[in-house]
Every structure is written in structure tokens, then in C-alpha cells.
Amino acid sequence: MDWSLTLTFGGFVVLLVAIGLYFYQTADTRTLTDYMLAGRSVEAGPMALSEVASVASGWTFFAWVGVGFSTGLHGLWFAGAMLLVVGVLYYKVAPPFRAESEALDSHTVVDHLARRVSSTPTRRAIRLVGTSAILVFMGAYVGAQLIAVGEALDTALALPYFASVLVGGGAVALYTTLGGFDASVWTDVVQGVLVLAAVVVLPVAAIAAIGGWTAFVGEVQAIDPTLLQWSGGFEGTALLVSILSWITFAFGAIGQPHSLMRFQAIRSADLLPKAALIALAFQAVRLTVPLLIGLAGRVLYSAASDPESVALMALSDLVPGWLGGVLLAGIIGAILSTSDSMMLVAAADLTRGYASWRPQVSQTALIRLSRVIVAALAAGGIALALLRPGTIFDIIEFAFVGLGATLGLPLMMALLWTGTTDRGVLAGVIMGLVSTVLNLTLLPDLFPILVWPVTLAAIVGISHLDR
């Protein structure tokens with residue numbers, strides 16, 4: 001075990017918990033809005049860094065590096081589509097969403113969709129189905145993050161997988177339970193900076209170890225020239241299906257509740273253009289450079305049994321221990337920043353659902369309930385990670401698309417198309433959940449291409465019937 005790496009990373013974990021303790025002691029947490037959204041007072045910079053860090057997850061340094069290892073630059077189709085979707089979110093969806101959220105006093109996307117409808121049965125149905133989707137998809141998502149934590153600490157620190165999952169899950173549960181959204185945002189800021197550091201340093205170190213850029217390109221071409229082609233070696237119908245799969249996968253960005261929560265928490269919609277520039281720059285880096293890490297890993301670790309682990313192998317082999325501890329903090333930070341946000345969203349939805357049935361419950365009781373739910377969700381995520389039901393990529397793809405179709409598409413249609421009716425929103429929430437599960441189960445080779453047209457047709461069709 002490299003003790004300089006271990007001690008540096010240990011200091012990072014202590015810092016995260018200290019941030020949670022700080023906000024537990026100092027934040028003026030008198031209402032659920034204070035705990036869940038930091039009183040809607042987050043500035044543009046922290047909001048943008050937190051938003052990107054919250055979706056970076058185990059995807060960036062595990063699944064996406066694995067894609068670079070396996071298919072190379074073909075993954076740029078996803079990166080380009082993702083940047084377009086993020087731009088639409090910030091410039092078109094976020095401004096009306098922020099304004100409506102404050103007017104309705106909504107805390108999450110499910111809460112928002114429910115509060116904007118007038119029919120009580122429809123409102124309750126949206127909460128029931130939407131919260132069910134949150135538990136299904138975010139439960140899978142949190143489990144994937146803790147699998148990534150386990151693999152990271154196992155590879156980099158030689159800490160047994162079981163203990164690694166407990167350390168990661170315990171840390172995120174502690175600081176999120178204590179500090180709420182304030183702690184989530186400011187730990188995300190720290191983690192976002194470290195993510196950028198890791199994204200920059202790791203590929204430079206790996207390419208230098210190969211012999212420089214020219215040698216790197218030559219070695220990759222010698223292994224498989226299609227790794228440096230956008231086509232990825234696919235042709236005809238296979239290429240079309242692959243590109244559509246990447247693009248429709250990226251559509252999921254419209255409905256990540258832990259990301260949308262940041263739009264609800266920003267101090268003013270006037271800050272969104274500034275936040276957009278920061279977020280798009282950060283996204284461009286974290287969606288492209290990890291592919292290079294994977295390609296370099298293909299050269300350095302061609303016999304690797306798990307392509308998703310090559311970033312950690314490079315970290316252990318190619319950088320000094322103290323720097324490795326800092327970069328490991330960035331990699332783990334990308335994972336924890338997603339986990340804390342997801343647990344807050346799920347807790348908020350369950351708490352708001354409870355409050356809708358018990359309107360007389362006090363704010364203090366709701367905050368206490370939210371903290372209990374966060375801790376329980378962390379325990380559930382740890383249990384799922386120990387079961388390891390699939391690869392990080394597969395689990396995140398399922399959850400990412402499911403959340404986007406079930407919550408994001410109905411929200412975007414409700415905000416941008418005046419013809420969307422209450423029952424149209426409900427139809428979209430139901431069909432998003434059902435179509436995601438059925439597309440993956442019955443036609444996995446076409447996942448997630450079929451999810452979006454089916455869900456959109458349900459929203460538009462039912463809305464037209466209501467007229």
C-alpha cells in the first residue's frame with residue numbers, strides 16, 4: 001500500500017465530512033427549502049460546477065474510460081449530442097423552470113410536475129409514479145456509484161471491495177445527512193475542481209508513458225485503426241443504429257433530477273447564462289478527454305480484464321503517491337457528488353409526498369425525516385453495490401435514460417409547449433417508466449432508441465384528446 005496516496009485521499013474524506021459538519025452547525029436550516037435547496041441562494045459558479053459534478057459520477061472515469069478503451073472516438077457522438085442537450089437545458093428549459101419552481105415552492109422535478117397540475121387525483125398519480133421511478137432508477141444509479149467507489153479503492157489502495165463500499169457510502173451518507181444541499185453543493189465544488197485536475201493529468205501522464213503524442217497515435221492505429229474513427233468501424237445500418245443509440249442516450253440529460261435541482265436552487269434566472277458557459281466548458285472536457293485515457297489504456301494495459309478500471313491502473317502506476325491521492329480524490333469525488341445529489345432528490349420526493357398526505361406536519365419533522373431517508377438510501381445503495389448486478393456502464397445507461405424519459409421529457413413539454421395538459425404530463429411519466437423497462441427487456445439491441453418517440457407520442461396524443 002502506498003501510504004502517501006492513502007493519507008492524501010484520507011485527508012480528502014475528512015474534508016468532505018468537515019464540510020457537512022460546518023453546514024450542520026452554521027446553516028440557517030429552518031425550512032425544507034433551506035435543507036433541500038439552500039434557500040434558493042446558490043451563485044452561478046458553484047451552481048454550474050455542482051451541476052456538472054453531480055452528473056459526472058462513476059461514468060467519467062470508469063464507464064467512459066471503458067468506452068474509450070473498447071470503441072475509441074466513436075463515443076464522440078454521445079459527447080456532441082450531450083453538449084447540445086445541456087445547452088438547451090440551460091438556455092431554454094432552466095429559466096422558466098426556475099421561475100415556476102419558486103412560484104410553486106417546488107423542490108424537485110417530481111414535486112414540480114405534481115404541483116403544477118390542478119386535479120388532485122392526477123397530482124397524486126404523478127407523485128406516485130414519479131417517486132416510484134426515482135426509487136427504481138436512482139436506486140440503480142446510487143448502487144452503480146458505490147460499485148465504482150469499491151473498484152477505485154480496491155485498485156488504487158488495495159482496500160478490499162467490501163470495505164471500500166462501506167467507506168465511500170458511509171462518507172457520503174454522513175456529510176449529506178448533516179449538511180443537506182449546502183454541503184452537497186460545496187463538496188461538489190471541491191470535487192469538481194479535482195475532477196478537472198484528474199481529467200487533465202491522467203491522459204498527459206499516460207500518453208507521456210507511451211512516448212508522446214506521435215507514438216500514442218501510432219500505437220493505437222497499430223492495435224485497431226477504427227479506434228481513431230468516429231464511425232468506430234461500423235457501416236450501414238449498424239452505424240446508424242449505433243449513432244442513434246448514442247444520441248438518444250444523451251437525451252437523458254434533460255431529466256436528471258439531481259441536475260435539475262441545481263436550476264431550482266440558483267439565486268436568480270439572470271445568472272443562468274454565466275452558469276451555462278462554465279457548465280458547457282466543464283462538460284466538453286469531461287466528455288472528451290476520458291476517451292483518450294481509455295485509448296492510452298488500450299496501449300498500456302491491452303490485457304486488462306476490466307476496461308473500466310484502466311484509469312485507476314494508470315493512477316497507481318504513472319504518478320507519484322501524493323499526486324495519486326489528489327487524483328483519486330477527484331475520481332472518487334465525481335462519484336460521491338452524484339450519490340449525494342441523488343440521495344437528496346429521492347429524500348425530497350419522498351418527504352414532499354409524505355407532506356402532501358400530512359399537510360399539518362411541521363418543517364422540523366420534515367427535515368428530520370429527510371435526514372433519515374438519506375441515511376436509509378445510502379444503506380440501500382451499499383447493499384446494491386455489494387450485489388454488483390452489472391457493469392457501471394449498463395446500470396448508468398438504464399438509469400440515465402429512464403430518468404430523462406420519465407421526468408425530463410414531460411417537464412420540458414410542459415414548460416415549452418402550451419398544449420401540454422395535466423393528463424398529458426401524467427401519460428408521459430407513466431410511459432417513460434414503462435417504455436424504458438420494456439425497451440431494455442424486449443428489444444435490448446435498440447435501447448434506448450424506442451423510448452423517446454413512444455413517450456413523446458403519449459404526451460402529445462393524450463394532450464390532444466383532452467382538448
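This is a predicted model: local features need pLDDT of at least 70, side-chain atom pairs count only at pLDDT 80 or more; totals for chains, interfaces and linings use all residues.

Trainee: Which residues are closest to the centre of the second largest pocket?

Mentor: Of the 16 residues that line that pocket, G66, V67, S70, E308 and F393 are the closest to its centre.

Trainee: And which helix gives the most to that lining?

Mentor: That's α3, with five residues. Helices α3 (44-71), α6 and α15 each supply at least two.

Trainee: How many of the lining residues there are nonpolar, polar or charged?

Mentor: Seven are nonpolar, five polar and four charged.

Trainee: OK, now the largest pocket. What's its volume?

Mentor: About 320 Å³. It has 14 lining residues, and S245, E397, P444, D445 and F447 are the closest to its centre.

Trainee: Where does the largest share of that lining come from?

Mentor: From α9, which gives six residues. Both α9 (236-250) and α15 (392-416) supply at least two residues each. By class, you get nine nonpolar, two polar and three charged residues in this lining.

Trainee: Switching topic: which residues touch the most other members in the largest nonpolar core?

Mentor: That core has 143 residues, and the ones touching the most other members are F9, W59, F62, F78, Y90, F263 and L328. Helix α6 (residues 120-157) brings the largest share of the core, 18 residues.

Trainee: What is F9 in contact with, beyond its neighbours within four places in sequence?

Mentor: F9 is in contact with L153, L157, G325, L328, A329 and I332.

Notes
Residues are numbered from 1 along each chain as its sequence is written. Side-chain values use heavy atoms; hydrogens and water are left out. A nonpolar core is a set of buried Ala, Val, Leu, Ile, Met, Phe, Trp, Tyr and Cys residues joined through side-chain atoms within 4.5 Å. Buried means under 20% relative accessible area, exposed over 50%, partly exposed in between (1.4 Å probe, protein chains only). Helices (H or I, at least four residues) and strands (E, at least two) are DSSP runs, numbered from the N terminus. Contact means heavy atoms within 4.5 Å. On a 1 Å grid over the protein atoms alone, a cavity is a set of points where a 1.4 Å probe fits but cannot get out, and a pocket is an open set with protein on both sides within 12 Å along at least five of seven lines; lining residues have an atom within 4 Å of a point. Grid points are joined across faces, edges and corners, and a volume is the space filled by probe spheres set on the points. Ala, Val, Leu, Ile, Met, Phe, Trp, Tyr, Cys and Pro count as nonpolar, Asp, Glu, Lys and Arg as charged, and the others, Gly among them, as polar.
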